[in-house]
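Hello,

Here is the structure I promised to pass on to you. Could you have a look at it and then read my notes below?

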Amino acid sequence: MKKLLVLFTNGYPYGSSEPFLENEVPLYKEYFDKVLIVTPCRKGDRPTRTVDDSIEVLPDYTLAKDLPSILSAIPGMLRDKMFYRELKLLFGREGFSFKKLYDLVVASLCANHRAKQALRWLKKHPEHTPQVLYSYWINIPAYSALRLRKRLKRPTLPCVTRCHGFDVYHERSSTGYLPFQQQLFEGMNQVAVISQQAKGYFQQRYGASEKMKLHRLGAWDYGIENPVTDRAPLRLVSCARVVPLKRLNRIVDALCLIKNRPIYWTHIGGGEGLAELERYAAERLGENVTVHFTGAVTNEQVYRIYMEQSFHVALNVSETEGVPVSVMETMSFHIPAIATAVGGTAELVDHGKNGFLLPKDFADETLVEYIRRFADMPDEEYRSFRRSARRKFETDYHAQTNYRRFVSRLAQMCNIPSDSL
């Protein structure tokens, strides 16, 4: 029998979602003969990331409001005890609202349809035996994994989920409600958190549990230091999709207060808000500030930029984060950071050593102060920040180390031999 890993994602390998899986997926072949990825997309979409012959992608159109998919999922939802338990919670302690009910129903329809599709695939391919069901998020993908295990009638089949940010913190939801989270937490064999902060959050909600394990994300290591140049102009870089929670307009607000020194700011990333951000920057920034917007680029292109262009400081002013991989990436190139202390960012940025932490609701003047400190500090002090940034990356956020450790843990859970356990 061939060893199979079933992976539930929120979009990978379609679109630009879950780019960090690009570092993890190539490792699966060391332990599994086949990988089945079950993921949402729209009809007609094509994968934007290349997968090799050992991986098969099973698309689900339920979230795209595909009527046949929805109708196919309804019988499974109506037989789903998790659905009725969650309804009881919704009319009890969670506090009912129609928006919460809508989110609950959508989650149940999607999860039941993905489980049904995966079961159908497994029946057509009896030579493949699922060794572990792995979800990249503790929301619909995790729910899909539990529903598949139930349909397979294999209660001992390991179910593992990662969890990141928006799938962890209820406060980030517009309703303060994340459907099924408690049931998902209780049903999983292992919950892989990416930060101590997320682990503490779950402990506070659900109590201490041995099933919670810290498995950090990471950035790839090319062993190259970003070119060091004179800090006049001071070269700043940010990397994120241009969406409201990234608050990139706050960088503009701070930079327009700096009048007496040359600044070169590069923003890497596209998004629906890019045109508005470009207009806002053009209107507000003085002649001393030069801005370059790259637009959407691939992860490979991001690394190429860090290899070839000089940057002195990375900026991340997000309202919310899990742990920002964009900062891990810059630190791998020895670039220190200024970042908001949200999510697990404070585990990555050591204030005064490899960067500076901003309060979540920081004043523009505070960001300006830290930018000026980097511009004015003696060379040896600045180089110390760079060395500390690289050291933090090597110690805690090295992708080759972290992802290999995690994948070997998946193999260990299903008793697959591994020399690296």
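Two strands count as paired if DSSP finds at least two bridges between them. With that in mind, six bridges join strand β8 (residues 234-239) to β9, and the two run parallel. Within this pair, leucine 234 stands opposite isoleucine 263 in β9. β9 is also mostly covered, with five of its six residues buried. Please keep in mind as you read on that this is a predicted model.

The sheet

There is an open sheet of seven strands, in the order β3-β2-β1-β4-β5-β6-β7, with parallel pairing. Its edge strands are β3 (55-60) and β7 (212-214), each of which pairs on one side only. On average, neighbouring strands of this sheet are turned by 25° against each other, direction ignored. Helix α4 packs on the sheet, where it touches β1 (2-8), β2 (34-40), β3 and β4. The direction of α4 makes about 140° with that of β3. Inside the sheet, strand β4 (residues 128-135) and strand β5 (residues 159-163) run parallel and are joined by three bridges. Leucine 133 stands opposite cysteine 159 in β5.

Two helices in contact

How do helix α2 and helix α4 cross? The axes of α2 (residues 67-78) and α4 (residues 98-124) come within 8 Å and cross at roughly 95°. An angle of 65 to 115 degrees counts as roughly perpendicular, so α2 is roughly perpendicular to α4. From α2, the contact is made by Ser69, Ile70, Ser72, Ala73, Ile74, Gly76 and Met77. From α4, Val105, Ser108, Leu109, Asn112, His113 and Lys116 take part. The residues of this contact divide into six nonpolar, six polar and one charged.

Asparagine 354 lies in the loop between β12 (337-340) and β13 (355-358). Is this asparagine 354 buried or exposed? Its relative accessible area is 1%, and buried means under 20%, so asparagine 354 is buried. A polar atom of its side chain lies 2.7 Å from the backbone nitrogen of aspartate 350. The backbone oxygen of leucine 348 lies 3.2 Å from a polar atom of the asparagine 354 side chain. Leaving out residues up to four places away in sequence, asparagine 354 touches Met331, Pro336, Ala337, Leu348, Val349, Phe385, Ser388, Ala389 and Lys392.

Serine 332 has its place in helix α11 (residues 325-332). This serine 332 is buried, with a relative accessible area of 3%. The side chain of serine 332 reaches the backbone oxygen of glutamate 329 at 2.6 Å. Again not counting residues up to four places away in sequence, serine 332 touches Trp220, Ile224, Tyr303, Arg390 and Phe393.

Asparagine 260 is found in the loop between α8 (249-255) and β9 (263-268). With a relative accessible area of 57%, asparagine 260 is exposed. The C-alpha atoms of asparagine 260 and asparagine 288 are separated by 7.7 Å, although these residues are 28 residues apart along the chain.

Best wishes

Technical notes:
Residues numbered from 1 in each chain as written. Predicted model: local features only at pLDDT ≥ 70, side-chain atom pairs only at ≥ 80, totals over all residues. Heavy atoms only, no water. Helix = DSSP H or I, 4+ residues; strand = E, 2+ residues; numbered from the N terminus. Buried < 20%, exposed > 50% of the residue type's maximum accessible area, 1.4 Å probe, protein only. Polar contact = N/O pair within 3.5 Å; in protein donor to acceptor, adjacent residues only side chain to side chain. Contact = heavy atoms within 4.5 Å. Axes fitted to C-alpha atoms, helices over the stretch in contact; angles between N-to-C directions. Parallel < 35°, antiparallel > 145°, perpendicular 65-115°, else oblique. Nonpolar A, V, L, I, M, F, W, Y, C, P; charged D, E, K, R; others polar.
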